[in-house]
Structures are given as C-alpha cells and as structure tokens.
Amino acid sequence: MSRAVTVAKAGQGRSKVGWSALAWLVAFVFFFPVLWMMLEALKTESQAASIPPTIFFVPTLTEFQEVLSRDFPPFFINSAVATIGSTLLVIVLGLPAAYALSIRPVAQARDVLFFFISTRFLPFAASLVPLYLLARDLQLLDNVFALILIYTTINLPLGVWLLRSFLLELPNELFEAARVDGAGFWRELTSIVLPLITPGLAATCLICLIFAWNEFFYAVNFTSSVAATTPIFLVGFISGRGLFYAKLAAAATLASLPVLLAGWFAQKQLIRGLTMGAVK
Amino acid sequence: MPTPWARTTGSRLPATSTETTVRASPPAGGGGRTRSAASASAWDGRLRWLPLLPALIYVVLVTQVPFLLTIYYSLFNWNLLRPGNPEFAGAQNYLTVATDPSIRTALFNTVLLTVLAVGISVVLGVAIALLLNKEIFGKGVLRTLMIGPFLVMPVAGALIWKDTLLNPIFGLVGWLLSPIGLGRVDWVSQFPMATIVTIEVWRWTPFMMLIVLAGLQSQNLEVLEAAGVDGANALQTLRYITLPFIRPFVELGALLGSLFIVQTFDSIFMTTQGGPGEATTNLPFLLYLVAFQGFDIGKASAIGVIAVILTMIVATFALRTLFTIFHVEARR
Amino acid sequence: MANESNRSPRRARGAPRLQHMRLLSLVATFLAAAACTPGAGGGTGGSTQTITLAAVDNPQMEDLQKLVPDFQKAHPDIQVKIVILPENQLRQQVTEDVATKSGRYDLFTIGTYEVPIWAKNGWIENLAPYIQKSSSYAPDDLIPGVAKALTYNSNLYAVPFYGESSMLMYRKDLLQAAGVTLSQKPTWDEVAAAAQKVNNPAKGVSGICLRGLPGWGEQLAPLDTVVNTFGGRWFDQNWQPQLTSPNFKAAVSFYVNLIKTAGEPGAASAGFTECLTAYNGGKVAMWYDATVGASNFTGDAAANSGYAFAPTKIKPYSGWLWAWSLSVPSTSKKKDAAWTFASWATSKDYIQLVGTKLGWNHVPPGTRTSTYSIADYKKVAGGFAQITLDSIANADVNHPTVDPVPYIGVQYVGIPEFQQLGDQVSQQFAAVIAGTATLDDALARAQQLADAVGKNYRK
C-alpha cells in the first residue's frame, strides 16, 4: 500500500496545479457575467458602452449615486418587508406542520407532503387572474401584504419539506424524555425543538429569502407604485432614451446585492437547504 | 450514533460500506414515531392534526380557491376589453384552446426548454462538482464564485446577458467572437431558444453543482481508498463507485431544477418576450400573454386549467421518484 | 454550539409559553404593520390630496417629474406621485387597472390608440366640462390633428402631453461623403437606394435603422406606415383580413429586405431606444422613426442631422400620428385634483417653464400650435420643427390608407384586440427579419391571427 500511496502523492503535486487551473477557469467563466455587471457599474457611461471593452479604468461611484437618487429606497424597503414577512410567516405556519408531519405514519404524511409540494408545481400564471381579482376586491392591490401572502404560498411547500427533513434528524430520545416529563406540544416545539434546529431554520429562511427577494411575476402584476419591489425598480430602469449600461449595471448590482451577500456569507446554510438536509 | 447537532460539517461515516448510498425507500410498515404506552393516548386521535392545520388551511385557501375560480372563469366568454357581462360559454374556450396551434407550440417549447436546460446543467453540474472535489487550491473561494449566478436576481441576470453580453453592436460576446467572424450575430433573435437555455443553464448549473458536490463530500473515504488498494484506477472508481453514489443527489437536483425551470418566466420576459414568432413562448408566458395582453380571461383560464392538469400528471411521476430518493420514513 | 442534550428538559412552567407568545406577537405586529403601511394612497388628514400618475418612461415625462415641485408650489394642497414604467408595462398595468376598475391611478398617460376605445367603454372621464370651467386652458391652441385623435363624440377625453409623427433622419455628412442627396419628400425607393450606398459594414456603419423589435407600438408603428403608403391595409370594409394581399406583402417584403441588406445588426430586437443609441453612436447613417427622436440627438449626430418627411410610395404624407396624453380614469376619486395637474402639465405656461428651466430642446413637441411660434424653440428645433408640425397636420387617423377601412388609426388598428394581435403579428415578422421564418409563412400565420379577430366584427 505504501508504494502506491507514495507514487500517487508524487503525481498529485503536478495534477493539483493542472486541475486547479481548470477549476479556476470554469469558475471564472461562470462568475464572469456577475463580475462584469459589477465592473460596468463602476464605469462611466462611455466606458461602459465602449467597443473594445474597457478593462482598465478608474472606478467611480457616480452611477450608483444616480441610481440611488432615483428614489431607490422605497423599492428596497418593500422588498425587505415582503421577503422578511413571508419568511417569518412560512416559519410560523410551516414549523408546526413539519413537526406534525414528522411524527405521522408514513403513508398519510406522504400524501399530505405530496399535496404541499404539488402546489409548488402549479404554474403561477394559471391562478394569476383570480388572485388579481380577489386582491382587488380585498383592497390588497399595490399593498405589500398581498405580496407577503403570495410569497408565503410560494415558499411554504418547500419550507415544510425542508423543516421536516431537519426535524427528522433529531433523535427520539429527546422527545421521549420530554413526553415522559409531560411536556405539551407547544413546549415541546418551542423549548426543545426550536433551539436544536436553528441551523435548519437558518437554511430554510435563506432559501425562502432568495426566492422571495427575486420574485418578479407577481410583483409586477400586483403592485404599481406604493408597494413596488426591487425587480420592478430594475425593469423601470430600462430607459426609453437610450441604453445606459453603467446605470443599468449599477441598478442590477444594487438589486442583487442583498441576496448575493446573504448567500455568500451563509453558504453552508444554503447548501443544507438546497440538499434538503439530505447531507449535513 | 453520534449526536447530529454536535457535528458541524463533514461526511457521515456509516458503519459498513453498503451504507454509502443514501437511505432509499421507506420501510414497508408504518414507521411512525413510537411512544411509551403511557403517553400514547394523549397523542392519538385528532389532536395530532392540529399543528398541521394552519399551514394546510392557508395553502388550500390561497391555491385551491383561486384554482376553482379559474375553472369557473374558463366557462365564460369574458374579455376585459369588451365590457358587458361575461356570457356563459360552457366548453367553448376549451375547444378554442384545443385547436389553437399556439398551445401546442407553447407546450413543445416548455418541454424543450426544460429538458435541455435541466439536462445540460446536470451534466455540467456533475462535471464541475467532480472537479471541485479534487485536491485543488482555494476550494472555498471557487465555490463562492460558482454560486454567484444562482444568487443574482434573474431579472438582473437576464438584462446583463441581453444588453451587455449578447447585444450585436455593443455586446461583449460579439467583440470576443469577432476574430472568427461571428461579431455581428444577433444571438437573441436568431437563436432565441439557445439564448434562453444558455441563461437558464448559467443560472442552474451552480445549483446542481452544489447538490452533487455535497453528495460527493459525504462519500465514505474508506471505500474509495479500498477501491484504490484493490487496483481500481481513477476512471473505474468514478464509474463504479462515485457515480452510483451520487445518483440520488443528481436525481434530486434534476427534479428540483425541473420544478423551477418549467416555470421560467423572468428570462423570457426580459430577453425575447416569447419570440421571435413563438419560438420561446412557453406555457407560463403564453398564459401571461393571453391574460394580460389579450385580456381574454375566459381563454386564459382554460389554458390555466389544462396547464394544471398536465402539470399534475407530470408531478405525480416526478414526486413519486423524489419520495423514493431520500428519507421519507419518519422516526423509528 | 453547546451540547444541549445535557440540559435537563425540566424547565419552569411559565418560560416556554412566554417565549412562544412573544414570537407570535412579534410576527403578528409585524404583519399588521405591513398591512397598514401602504395604505397611503390618499392622505386622509387635512386637505392635502395625493394623486397618483402612471407615466410612460420617456424624456418628456422625466422632465415633468423634475418640474413637479413647481406645480406643488402653486398648488400646495395637491401631492403628486409619479410612477414611471416602460411603455409595454405601463400599458398593461393601466389597461388592467381600468378594465378591472381597480382604481389604483388618478391619472395616466395613454395614447391616441386607447382614448377612443376607452372613452367608448366609459373608462375615462369626459374632459370637456373641465376644460369649459378652466378659463386659461385655450383648447383651440391644441394642434387640430392631435385633438381630433383624442376626441370621442365631439368631446376631448384626454389632453395631449406630447405629440409626434414620423420622419426620416439622416447624417448629412455621411450621405454627402457617399455622394447621396435626398429630397425633402423622398420616396421609399429613393431612401432604399440611398441606404444601400451609405451602408458600410466594414467600417461598422449601417445604412438605415428601422425598428424590428416585436410589439404593436414598436415594430408595427413604422411598418404600418409603410403598409399604408404602399396601398395596403389590415382589414377591408367587411372586416376580412388583407395581410396576404399583394400591397401588404410588397410593403412587408420591402421593409424586411431593406433591413436585411442595409439595416442595423440585431434589427429583430431593435426598438426606438436601440436605434437612437445606434444613431447617436454613429453606427447608422439614416433612421426612420418618431419625430421626437431628433430631440435626443447628441454630439456628432446632433450637429450633422438632416430631416425629411416620412418616405412615401403611392399615398403621400405617410407619417404616423401619436400623442401621449393625460387622461383621468372614471374610477378616480380625485378627479378635480387630477385635472388641475393635467391642465397644468399641458398648458402654455408649462411649455414656457420647461423651455426656460430645462432648455428649449426639452419642450414637449406636437401639442400646441403656439409652441411653434416661440422664437427660442424654433432656434433649437429649427431643423425638424416645421416637418413635425406639417407631418402631424397631415396625418389623419380617420383616413390612414389608400382604400377605405372600417377602423381608425394610422400605425395601428383602433380595436381592443389589436394589442395582442399586433404583438403576435409583429413577432412573426421579427422571425422573418431574424431569418428564422419565411415571409410567406409569417404572412399566412398573421392572416390567420387577424382572421380570428376579424370574425368578432363580422357578425
């Protein structure tokens, strides 16, 4: 065994460089549009639209300032309210449901889970008109609350599924002890379960956050001025006067920044969430 | 069994090598959480349903009620632009929809887009995950870079692709390809489906990669070493051990990815608006067009009902597979 | 993370309940606050009213936004909130709003296409009584052709904010260098020949920029004027579609071929914005588009541009007619406040305000005859002001084609279904421009689509 390992290790040095180079190239290609977006945002308009493209330039924040001066904050706040609100609601509704589903006999749990997930498969456009008319009748048009409700619906199935898989990781002994102790359901949930699945909760919240923040279709149809969210701000930036690449890139960067940062800093949670807790 | 919450990351080390596969089908029997006899009575019966109700009622209200309304509207001849009361039309909308070539085109485009985008991003995702799983410099940074496309707002990403990269006059791609004579190609108009697929693959490959990479990293290292000792080279290890091991993860990624890609709307809206012609009109976009450009509520509702029925059929198959992939069993 | 399994599950009875109550109340408060926050559509306190205006995103509207403080100085009791959206979105949102009577807006910019249709449906307010009450509005000063297009049953249902026709714009220097001269009223054949001569892809300069971007308000606007002047039409008097008729086919064929041989790259996704950018960047030598395009020229383009009337073939004066106008939806609860703002924004005073504060090239053109008598304006817009005025004057929405038609509209068909029909047909033509479909296939499909719409009117 030792000879094979030694030989393997000798070759490893060379191939490590080779594979690393390839990996960095691939990552660069994928990351490039994001990088380009951020670079263009730091250029002036003439630099941004130049052919051949400007690679070396003095970065400037003027385009960002211009974008911010276009009354950006309300859109941002609306997005934040809709995203945080719906995520909270998903947790409040989803955690008890996930919990109940994790202690249920398999067959029934599977049916209910199937129902939940199937709603996520529904093409959104199908129920757009009735929802729109309902929202109109309930005075919920151009109201952030409508977005909260809709985003909760979109994220709830995934949230229940995720939370359930995290809950299944907790060992039985814990609950046995609590039950013998006579703990009621809520106590069980809040004092025992909640602290233990915090990473799982974080993962679920992150996934909900990503999908709610980036949501465009419902936002554009249900809001107009007061409750308009960041994607709509971005679309409104397509000026009829000309293609302003730098400003567009600045707006795009600002719009994507929160989710980019959240995803980057909470990568581990993101992966847990994406793999449905199947792998820790 | 080590306590799960004490672990931070890292691979599981199952007791035997046969357990390298993720838990597959759930146990045949009931498998609910067992209870001590004393407290069993308190939890039997309807009390167990209670925590599930809020979420269930909520979802039913917000998804099923509008769907019922959609079915109701589909029975009327109702165009918002021609005011007056909607007249009852029975199944007429369905007949119109069934004979409308636009529906068939939209269905075809939906399937084509989904199959291509999911297929390509899965293959790329697996390849890149294998690459990132090797011994290389700066894995953490690489992973951070790779998930960028997935996190960027889809609307923003599509705009950057369309205006700064693929624009035939000012775009970067055009400039890069001008030495080989492809400088002035109008990618968005001449290759619309390819453009949309490219944008979606760009967005979802990181997603696939992350899932597969996580699976790769949970492999049992002892098994891999044992294979090396037995004389298997890298390619054989890959083919006979690694790939089968990550198969559940690949399936998970493919299913989840399909779920999202089938509903693609943002990139189509921002780049091709469904065209040219009907080349990139998929089902969601068609619904949007009929409902919010044509304002034909009746017809849009009929299309919606048909879309839902089709989706349900596909979803049934998809979800059955999903459920066998990983642990649906409850506590033992 | 601390190993919590060591902690005894025994806890004080009160603590967890309090914990979960706090969480729930926090969530409830948050949600309640969120629900209450965006109700600020109308200030209920005091006498201040807030009106919401949905506006299209063009430079004139952005100028209006900049000058809103001036309005509010004169009318401190009216707050104005402007929502600016790209044309397609604006149209969709506003149409949705009026059709479902959602009442989100108190004022919006709509075009000559919507006004007659919506007036007929009772969706927008008859402004005649308001105009009568206002002594200084001077409705007779409004350019007659534009006013006529905004009239239904002899009453004005919208007031024009800016009007336009279409014309040919070209770089005098580039044409001169290629030895080409153009008359002031050129024919399309002349223009095509000129474009071929100036076309120089090796140097990165295309002959002419023509809109190919799908959309009834994008590609079809110039294309329909070509159809009209070639003697074609969308429907005959019996509402039979005419898209496969020889004149219609000749027109589309001409348009597509001109683009393919001397047009800008990426034409199938080039709209007003793209062509403007290309023209300003010196990447195209000629541009047939809205008269307002000239107000946005910069640099070399601004210094060297010449102007001609919209090219013709059989029918003279083929320029289109469009006016973005302010209209009040019937659902608005603040109609008086909305009218106050609308009349301010379309008044002679506003024109003076824009000219003096922002520059005379910012003045919204094509609304009032008096604008064209202002010396400062003529100095700045000299090259194209007269052509604009004459083009608008000669564009007749009621008689846009050579043969009679059952619809109104120069570059569109004034029926509600045209939004979707036009969009779909323009998609077909875009495919031809992109080279992914043949003209005959596209025309056949377009004819099918038009037939489905015509059926509704034939009964």
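Biologist: Which residue stands opposite Trp287(C) in E9(C)?

Modeller: In this predicted model, Cys209(C) is the residue that stands opposite Trp287(C) in E9(C).

Biologist: Why are strand E8 (206–209) and strand E10 (305–309) of chain C called edge strands?

Modeller: Each of them pairs on one side only, and they stand at the ends of the order E8-E9-E7-E10 (chain C), in which four strands form an open sheet with mixed pairing. From one strand to the next, the twist averages 20°.

Biologist: How do you know which parts of chain A count as domains, and what do they bring to their contact?

Modeller: The domain assignment of chain A gives domain 1 (2–60) and domain 2 (65–274); nine residues of domain 1 and seven residues of domain 2 of chain A take part in the contact, where two residues are counted if their C-beta atoms, placed from the backbone, lie within 7 Å.

Biologist: Which helices supply the side of domain 1 of chain A that touches domain 2 of chain A?

Modeller: Helix H1 (2–41) and helix H2 (45–48) of chain A each supply at least two residues of that side, and H1(A) gives the largest share, four residues. By class, this side of domain 1 of chain A has five nonpolar, one polar and three charged residues.

How values were computed. Residues numbered from 1 in each chain as written. Chains lettered and ligands numbered in written order. Predicted model: local features only at pLDDT ≥ 70, side-chain atom pairs only at ≥ 80, totals over all residues. Domains from an automatic or database assignment. Nonpolar A, V, L, I, M, F, W, Y, C, P; charged D, E, K, R; others polar. Pairing = 2+ DSSP bridges. Axes fitted to C-alpha atoms, helices over the stretch in contact; angles between N-to-C directions.
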